[in-house]
Every structure is written in C-alpha cells, then in structure tokens.
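Colleague: I would like to learn how to read a few features of a model. Please give the general idea before each case.

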Amino acid sequence: MSIRDYKSSDFERVVEIYNLSKVDEFGGEDATFDITPLTEDQQMLTLFENSKIYVYEEDSILGFVGNKGNYISWLFVHPQHRNRGIGNRLIGSLLTNLAGTVALNVAKSNKVATNLYSKLGFTVAKEFEGKYQGVPIIVNRMEYEI
C-alpha cells in the first residue's frame, strides 16, 4: 500500500474511479442525475488540473484525493474497495501537508461521506443551496482546523 503523487500515466485509472463513483455523491437526492464523464466535463477537468492529486495504490490505484490550497477538491475510492479505510488514509495523508482551516463541500444527502469527514474531525461550518445539473441540492461546507 502506498499513497503517492499523481502521475499523468495514472489519468485513465483515476477517470475510471471518478466515473464509477461520482453517481454515489447524489444517491441520497430525490433527483436522478446523468453523470458527465470526467473527460467530458470541462469544469471538473479544470479543477482536476488545478488540484494537487495523490493516489492510493496497492496492485493498482484504488482511490485518489486532491486539494487546491486548503480546499479538499477530490476524494474518490473505487466502489469495489470501499469500507477498507482507504478514504481515511487518503484524507489523513493529505491533512499532514496542510495547515490552518481545511474546507470541503459535500452534498448533505451524502451520508457516507459526511460520516467519514465527521469521524475525521470535520464539522459543518455552514449549509447552503448549490446546484448540480441545474437541480438544487443542499450542500454542507465542512471544516477542519489543523
């Protein structure tokens, strides 16, 4: 097991994990979303390119995390490898590289992610209405103080 810096040769596997996992972000919503693949979503690609990305690797890449400054912009674990502590390790490793107030946004309905972040010490700083594909969703801004 290792957590290492992302390399451009990891892109295909990271895209696969994102495409398989993104739909789960909104599983608790009443609306149904057609998830745009990462390679076709210019806004998400730009965020990816502007983030520092780390991958969790065993025999292959099983998850990734990323940040843009003190904002956690990415956390995705391959659906077949969840509940093994990979998300915990990725966030824990990322936090060792940051200082001050670390923030992230998560759909309020995403109970799995919200519970993970809460267990790691993040608290809800505010709740606001966001949109995904033009559909309103409630978003929690969670913060962690290092």
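Colleague: Does asparagine 110 count as buried or exposed?

Modeller: This is a predicted model, in which local features need pLDDT of at least 70 and side-chain atom pairs count only at pLDDT 80 or more, while totals for chains, interfaces and linings use all residues. Residues are numbered from 1 along each chain as its sequence is written, and side-chain values use heavy atoms, with hydrogens and water left out. Buried means under 20% relative accessible area, exposed over 50%, and partly exposed in between (1.4 Å probe, protein chains only). Asparagine 110 has 13% relative accessibility, so asparagine 110 counts as buried.

Colleague: Where does asparagine 110 lie, and which residues does asparagine 110 touch?

Modeller: Helices (H or I, at least four residues) and strands (E, at least two) are DSSP runs, numbered from the N terminus. Asparagine 110 is in the loop between strand S5 (101–107) and helix H4 (111–119). Contact means heavy atoms within 4.5 Å. Leaving aside residues up to four places away in sequence, asparagine 110 touches Asp24 and Glu25.

Colleague: How many aromatic pairs does the structure hold?

Modeller: Rings of Phe, Tyr and Trp (its six-membered ring) pair if their centres lie within 6.5 Å; planes under 30 degrees apart count as stacked, over 60 as edge-to-face and the rest as tilted. The structure holds 14 aromatic pairs. One of them, phenylalanine 48 with phenylalanine 64, is edge-to-face, at 6.3 Å centre to centre and 80° between the planes. Phenylalanine 48 belongs to helix H2 (residues 42–49) and phenylalanine 64 to strand S3 (residues 61–68), so this pair ties together parts that are 16 residues apart in sequence. Tryptophan 74 and phenylalanine 76 make a tilted pair, because their ring centres are 6.0 Å apart and their planes are at 55°. Tyr6, Phe11, Tyr18, Phe48, Phe64, Trp74 and Phe76 form one aromatic cluster.

Colleague: Which buried residues does helix H3 have, and why do they line one face of the helix?

Modeller: In helix H3 (residues 86–95) the buried residues are Ile86, Gly87, Leu90, Ile91, Leu94 and Leu95. The arc is that of the directions from the helix axis to the C-beta atoms. Seen down the axis of H3, the buried residues fall within an arc of 165°, so they line one face of the helix.

Colleague: What about a charge over a ring?

Modeller: A charge sits over a ring if NZ of Lys or CZ of Arg is within 6 Å of the ring centre and within 35 degrees of the ring normal. Here the charged end of lysine 126 sits over the ring of phenylalanine 128, 5.6 Å from its centre.
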